[in-house]
Amino acid sequence: MILTIDIEPDWGYDSSDNLQFLPEIFDFLRSINSCATLFIVGSLADRFKDIRIPKKFEIASHSMNHRDLTKLDEQEQMNEIVQSKEVLEHKLKTKINGFRAPFFLAPDHLWSLLGSAGYSYSSSLVSGFFPGRYKNKIPDKPFERQGIKEIPLQSFQIFGFPFGLSFLRIAHPISNRFVPKDKRIFYFHPTELLERRPGPLESKLVRLFYQINRGKKAKKILFDFLESQAPTQSIRQAYLDK
């Protein structure tokens with residue numbers, strides 16, 4: 001199974017306290033011989049000067065400022081895509097090949113912009129019918145789109161929710177019954193491990209549901225699940241290094 005980690009600001013706050021969990025996450029993954037792709041928001045790159053990312057882990061872009069790309073004009077979209085790539089490559093000294101759109105909300109021409117910016121793949125869509133987000137059914141497996149390989153996230157076998165820690169913990173333990181049979185790609189956010197509930201910058205609905213099973217409960221659910229699926233790999237290991 002491919003493991004992807006979306007590293008972004010704390011949900012609902014103008015802070016990034018959740019990065020404190022990264023050393024423990026990295027140590028745990030190494031202990032189970034696992035790897036991951038880290039989709040990092042470019043504005044957080046400076047915070048990694050004191051955080052050692054394991055060499056085998058892949059670093060990819062999660063935009064520059066974690067803004068909804070569908071609400072930006074094309075120049076603003078391009079800035080989010082290009083600036084994050086440049087900042088991450090400069091600060092973290094690595095080649096950036098992949099991109100993930102914030103909130104899995106991708107404008108129709110995203111892939112052409114990624115191609116012109118020098119990316120080789122995207123993981124910005126969710127397979128199946130994710131409520132209210134896509135007009136068409138997204139294939140479950142990787143496909144080509146405007147010259148870019150799109151590696152869609154899987155969905156749970158109910159309502160099309162993205163296959164990640166959020167639904168796994170919110171509906172725990174019932175959610176375990178709806179895990180995809182062919183577990184291909186999974187994601188989570190370190191901000192889910194914070195004990196405090198999402199803050200005032202998030203909507204009331206997000207604050208209501210995403211406070212469920214946070215913190216230590218979320219970490220136990222996550223670590224138990226990852227240990228059962230070990231070893232995990234990065235997108236680069238699965239698709240680019242072959």
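Colleague: How many residues does helix α6 have, and how far does it reach from its first C-alpha to its last?

Modeller: Bear in mind that this is a predicted model. For a helix, you set the end-to-end reach against 1.5 Å a residue, counting one less than the number of residues. Helix α6, residues 215–229, has 15 residues and reaches 21 Å, close to the 21 Å expected.

Colleague: Which residues of α6 are buried?

Modeller: Buried here means under 20% relative accessible area. In α6 that gives G215, A218, I221, L222, F223, F225, L226 and Q229.

Colleague: Zooming out, what does the radius of gyration say about the protein chain?

Modeller: You compare it with the value for a compact globule of that length. With 242 residues that would be near 18 Å, and the protein chain has 17 Å, so the two agree. Its C-alpha atoms fill a box of roughly 45 × 40 × 40 Å along the principal axes, and 54% of the 242 residues count as buried.

Colleague: What share of the contacts with a separation of 6 or more comes from residues 24 or more positions apart?

Modeller: In the protein chain, such pairs account for 66% of those contacts.

Colleague: How much of the accessible surface belongs to carbon and sulfur atoms?

Modeller: The surface comes to about 11600 Å², and 51% of that belongs to carbon and sulfur.

Terms used:
Residues are numbered from 1 along each chain as its sequence is written. This is a predicted model: local features need pLDDT of at least 70, side-chain atom pairs count only at pLDDT 80 or more; totals for chains, interfaces and linings use all residues. Side-chain values use heavy atoms; hydrogens and water are left out. Helices (H or I, at least four residues) and strands (E, at least two) are DSSP runs, numbered from the N terminus. Buried means under 20% relative accessible area, exposed over 50%, partly exposed in between (1.4 Å probe, protein chains only). The radius of gyration is taken over C-alpha atoms; the globule rule is 2.2 Å times the number of residues to the power 0.38. Contact means heavy atoms within 4.5 Å. Accessible areas come from the Shrake-Rupley method with a 1.4 Å probe; for residues, only the protein chains shown count as cover.
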